[in-house]
Amino acid sequence: MRILLIGDIVGKPGRQIVARSVRGLVIQEGLDLVIANAENCAGGSGLTPANYRELIAAGVDCVTLGDHIYRRKEIAAVLESENNIVKPANYPADAPGRDFALLQDHEHVPVAVFSLLGRVFMKPVDCPFDAADRVLGQLPADVKVIILDMHAEATSDMQLMGRYLDGRVSAVLGTHTHVATADQQILPGGTAFQCDVGMTGPHESILGRRIDRVLETTRTGYPTHFEVATGDVRLCGAIVDVDTATGRATAIRRVNITEAEADALSRLVAEPPAESPQAE
Ligand SMILES: [Fe+2]
Ligand SMILES: [Fe+2]
């Protein structure tokens, strides 16, 4: 099974490159499942119900979030009603949303997806290691393919979770820092790992926001509006191949789609069937 995790989608530029690329990527790469971290979709922070529907219409099968999950409160209804969107499993039990999603690929192979928040340089949350054990203990025995979106600031948090779950999940893939790391690997127990799969949005930016605004506020302490930037939009993520019999990963590679490549991918989908008459 081939699975793509798309890293933090930032604002409209991020949503647009997802809409232009995903269906073409499914064809070009032979993807069976597409997961997307959507915590920055709404103007750079949070996710609205309309954003959620836009991602699903674009071909995303499952949505994860992060520390900005409730920035747009109206997403709570979607988190409660839909079974392909999850909250971080180490949030309080009473927080809106489910701890994991149980999906199936087109051949009805079960897949579990969950996410966790790290604790270094982030707001206090419950223990992610205990939460991981709790989620894994709740999954049906026939679920071998398990993907974790580890949403954390520190590379050590990512590595610790990768090692803790090595051999128990198919992939531990990082999000949140918005900067892709070059450490994609298969750990000894068969878990695919990468500290951060990178950001989907404008890369001519500071983590997706306008450089001048962030620089001004950082230098002077005087608040400005951190508008979402516009330049050099890319879709970043990781593609993982998993042996469905064992749940072990067999390959992981980075994805970094430029705007020109997204255009080519959209043409892949838009091309009419061979028997159709040519447009004027
Ligand atoms: Fe983010
Ligand atoms: Fe985050």
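Modeller: Let's start with H1, which passes H7 in a left-handed crossing (the near helix is turned anticlockwise from the far one by less than a right angle; clockwise would be right-handed). This is a predicted model, where local features need pLDDT of at least 70 and side-chain atom pairs pLDDT 80 or more, while totals for chains, interfaces and linings use all residues. Residues count from 1 along each chain as written, chains are lettered from A and ligands numbered from 1 as written, and side-chain values use heavy atoms, without hydrogens or water.

H1 covers residues 11-29 and H7 covers residues 259-270 (helices are DSSP runs of H or I, at least four residues, and strands are E runs of at least two, numbered from the N terminus). Their axes come within 7 Å and cross at roughly 60 degrees (axes are fitted to C-alpha atoms, for helices over the stretch in contact, with angles from 0 to 180 degrees between N-to-C directions). That angle makes H1 oblique to H7 (under 35 degrees is roughly parallel, over 145 roughly antiparallel, 65 to 115 roughly perpendicular, the rest oblique). On the H1 side of this contact (heavy atoms within 4.5 Å) you'll find Ile17, Arg20, Ser21, Arg23, Gly24, Leu25, Ile27 and Gln28. They meet Glu259, Ala262, Asp263, Leu265, Ser266, Leu268 and Val269 in H7. By class, that's 7 nonpolar, 4 polar and 4 charged residues (Ala, Val, Leu, Ile, Met, Phe, Trp, Tyr, Cys and Pro are nonpolar, Asp, Glu, Lys and Arg charged, the others, Gly among them, polar).

H1 also packs on H2, residues 49-58, with the axes coming within 8 Å and crossing at roughly 20 degrees. So here H1 runs roughly parallel to its partner H2. Arg15, Val18, Ala19, Val22 and Arg23 of H1 make the contact, and H2 brings Asn51, Glu54, Leu55, Ile56, Ala57 and Ala58. The tally for H1 with H2 is 7 nonpolar, 1 polar and 3 charged residues. Arg23 of H1 turns up in the H7 contact and again in the H2 contact.

Next comes the pair H4 (residues 128-138) and H5 (residues 155-165), packed at about 35 degrees with their axes 11 Å apart. H4 and H5 make a right-handed crossing.

His68 and Met161 are 93 residues apart in sequence, and their C-alpha atoms are 21 Å apart in space. His68 itself sits in the loop between strand S3 (62-64) and helix H3 (75-81). Setting aside neighbours within four places in sequence, His68 touches Glu39, Asn40, Ser45 and Gly46.
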